[in-house]
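Walk me through this model, please.

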Amino acid sequence: MIEILYIILQVLIFLILFSSIPINKIIKVSNSKYPSLSENIAFNFVLHSNFILILCILNLDINKISIIYLTSIPLIYIFFLRNNFQNIKIFKKNSFYEFMLIFLVSLFIFIDMSNKLILSWDAEKFWLSKSLNFYNEFTIENLKNISRPHYPFLGPLISSLYWKLSFINEEYSRRLIFGFIYCSSVLLLINNLELSKLYKIIFFSLLLLVTYDYFLILSGNQEILIFSIICIVMNSFYKIKNNKNENLLLHLIIIILSCNLLMWIKQEGIFYSFFLIFTLFFIIKLTYKQKLLYLSIILGFFIFKLLIFKLYNLEISLNKSVVSSLALNDLFLKITFDRFLLVLKYFFFAPFQSYFLLLGIILYFLNKIGKTKINYLNFYILINFLFIFIVYLLIDNQEYNLKTGIDRLIFNVSPLIIILLVEIINKKIKNYFL
Amino acid sequence: MLEKYWKKKLNKSLIGYLIVIILTLIFLQKCNLFRNTYSIIFKSHNTRFINAYNKVFFSGFCEKQSHGYIAFVKEEYKNFLPKEKIPKIINFDKGRKVPSWIFLKTNPKIDNELMILLNTNLKSDKLDISNYQIINNYQNRCLFLKKND
């Protein structure tokens with residue numbers, strides 16, 4: 001009986017925790033564009049995750065990280081609001097509907113997770129052991145003794161921290177944060193629709209129905225975290241493109257920090273970070289020097305990650321357990337007509353397995369018919385499609401990996417389907433009224 | 001006044017509200033909300049864990065990977081099991097993973113005094129457990145043993 005109360009409490013704790021640092025108090029935001037609740041949650045999540053990562057890199061165990069984390073949040077809050085306690089205008093006026101949506105949907109998802117309880121193959125093999133490393137009070141130094149030491153560990157780190165802080169002591173409580181952030185990130189994108197709240201709720205519900213699959217996203221895999229962070233970045237892309245220079249600094253900070261997080265979640269996160277930065281160049285006009293600056297920042301994050309891995313004797317490998325050799329000769333030998341056809345076959349059948357991808361393809365063709373120019377999305381679709389294609393062309397155990405992994409890789413980049421929907425609908429509304 | 005407000009809202013977008021209600025009900029059915037809520041209230045976590053793994057094709061209570069039996073031993077004998085070690089687990093269904101992660105320990109040491117045998121019915125020759133005391137026996141297929149002193 002008490003567990004259900006703890007689950008309800010957990011949702012409330014996440015809502016409070018990820019609204020704790022008001023964006024508008026840290027960075028000057030335009031008065032007409034106060035952040036919504038989901039934007040605040042996204043910003044806080046990115047900020048908190050980077051902070052937790054830094055604490056972990058300092059070789060602190062989970063107890064010390066928890067103490068520093070919990071004491072710093074009220075301190076930051078007090079620091080930024082010290083002169084302004086009476087005028088706390090954190091959200092837009094009508095955030096109640098967002099609060100209720102996130103609260104109820106997160107609650108339903110948490111209740112589902114507390115019954116399904118099954119871990120995926122990857123989670124059993126290595127993600128859980130990394131999480132247990134932190135939960136059992138070992139530090140980053142001990143990761144070299146855990147399976148797949150060359151894999152990044154941000155997801156297990158975050159999940160173990162919230163597991164430690166949770167009132168629920170069971171293993172599934174570490175995955176609740178993923179459910180919460182998934183729900184908030186989908187709502188974050190849907191909020192960009194220029195429709196009434198009722199229609200936003202309809203679209204939000206439809207997207208949840210199409211994307212929610214416990215075994216794909218909440219059974220311990222890290223794809224849900226990549227999906228959520230890419231949703232956050234896509235939201236920033238959309239805002240920058242449509243609001244010109246309003247809150248530009250805020251969105252650039254979110255993009256840069258999110259790119260850093262992606263590198264620490266999965267190996268392919270490094271590629272996603274670079275793809276997102278290249279996509280940014282299609283959205284705002286940057287000088288050559290500015291482009292070089294952003295690329296240098298991302299490269300700097302990547303080098304920093306390599307140094308940390310070297311410092312703690314964690315294996316540095318991009319290809320291990322995926323491609324046996326990165327030598328050019330060996331890679332060229334893999335580019336055969338049979339392998340090419342096999343990948344093409346799985347790409348052809350993928351939309352019939354994932355209705356979300358089918359929706360994306362339909363939207364893409366509708367966009368082409370409607371002749372809406374969304375260059376940044378076209379570029380992002382192309383670069384990700386090419387990346388997934390090339391990975392599966394060169395991978396070892398090609399058919400096995402295609403069977404078991406393609407839906408997850410596609411899910412990683414599927415926030416672009418949501419933003420494509422937003423672009424098409426908003427364009428249609430503008431054309432209707434003009 | 002509240003009644004008038006809601007009447008006005010409903011008249012304006014009745015179809016929209018109906019769509020929201022239908023989608024919500026579909027989502028609730030997908031999540032199995034009412035049954036799951038009942039389970040959380042009336043069943044313990046361990047029972048739910050065992051039931052969840054009984055339904056998957058690669059496991060069961062005492063078959064294939066036998067997550068259920070291991071979880072049962074962990075819960076039933078939690079005061080008996082050593083804190084830093086886990087029992088040795090042998091699964092006679094060859095090729096199956098051993099889910100020792102259920103004990104939630106990091107790089108645990110194996111306690112050779114305690115042993116969990118799974119799917120003993122699949123062992124081709126006779127099992128010699130004369131040096132062991134049977135602490136738990138599930139249908140002569142899964143056994144929890146302690147070495148005699």
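A:G300 is partly exposed, with a relative accessible area of 33%. Buried here means under 20% relative accessible area, exposed means over 50%, and partly exposed lies in between, with a 1.4 Å probe and protein chains only. A:G300 sits in helix 14 of chain A, residues 288–311. Helices (H or I, at least four residues) and strands (E, at least two) are DSSP runs, numbered from the N terminus. The C-alpha atom of A:G300 is separated by 20 Å from that of A:I226, 74 residues apart along the chain.

The model is predicted: local features need pLDDT of at least 70, side-chain atom pairs count only at pLDDT 80 or more, and totals for chains, interfaces and linings use all residues. Residues are numbered from 1 along each chain as its sequence is written, chains are lettered from A and ligands numbered from 1 in the order in which they are written, and side-chain values use heavy atoms, with hydrogens and water left out.

Step back to the loop between helix 13 (269–280) and helix 14 of chain A, where A:T287 is placed. A:T287 is partly exposed, at a relative accessible area of 44%. A:T287 and A:I41 are 246 residues apart in sequence, and their C-alpha atoms are 32 Å apart in space.

Now to backbone angles. Which residue has phi near 45°, a positive value in a residue other than glycine? That residue is A:N397. A:N397 lies in the loop between helix 18 (375–394) and helix 19 (398–412) of chain A. With 58% relative accessibility, A:N397 counts as exposed. In chain B, B:N119 has a positive phi of about 55° although it is not a glycine. The loop that holds B:N119 runs between strand 2 (109–118) and strand 3 (132–138) of chain B. B:N119 is buried, at a relative accessible area of 3%.

Next come the cysteines. A disulfide is a covalent bond between the sulfur atoms of two cysteines. The criterion used is a pair of cysteine sulfur atoms within 2.5 Å. By this rule, the count over all chains is one disulfide. B:C62 and B:C142 form it, with their sulfur atoms 1.8 Å apart. The link of B:C62 and B:C142 is right-handed, with 105° about the S-S bond. What does this pair tie together? B:C62 lies in the loop between helix 4 (45–54) and helix 5 (67–76) of chain B, and B:C142 lies in strand 4 (residues 142–147) of chain B, so the pair ties together parts that are 80 residues apart in sequence. Both B:C62 and B:C142 are buried.

A:C231 is in no disulfide; the nearest cysteine sulfur, that of A:C183, is 11 Å away. A:C231 counts as buried, at 0% relative accessibility. For B:C31, the closest cysteine sulfur is in A:C183, 11 Å away and too far for a bond. B:C31 also counts as buried, at 1% relative accessibility.

Turn to the interface. Contact means heavy atoms within 4.5 Å. In these terms, 38 residues of chain A are in contact with 32 residues of chain B. The size of an interface is often given as the accessible area lost when the parts come together. Chain A and chain B bury about 3200 Å² between them, 69% of it on carbon and sulfur atoms. Buried area is the accessible area (1.4 Å probe) that two parts lose on being put together, summed over both.

How many salt bridges are there between chain A and chain B? There are two salt bridges between chain A and chain B. A salt bridge is a side-chain nitrogen of Lys or Arg within 4 Å of a carboxyl oxygen of Asp or Glu. The side chains of A:E3 and B:R48 meet in a salt bridge, at 2.7 Å from N to O. Between chain A and chain B, 15 residue pairs are in polar contact, both residues at pLDDT 80 or more. A polar contact is a pair of N or O atoms within 3.5 Å; within protein, one must be able to donate a hydrogen and the other to accept it, and residues adjacent in sequence count only if both atoms are side-chain atoms.

On the side of chain A that touches chain B, the elements that give two or more residues are helix 1 (2–17), helix 5 (96–116), helix 6 (121–135) and helix 9 (197–211) of chain A. Helix 5 of chain A gives the largest share, eight residues.

Finally, A:E171 lies in the loop between helix 7 (154–165) and helix 8 (176–190) of chain A. A:E171 counts as buried, at 8% relative accessibility. The side chains of A:E171 and A:R174 are joined by a polar contact of 2.7 Å. Not counting residues up to four places away in sequence, A:E171 touches A:L119, A:L128, A:W163 and B:L104.
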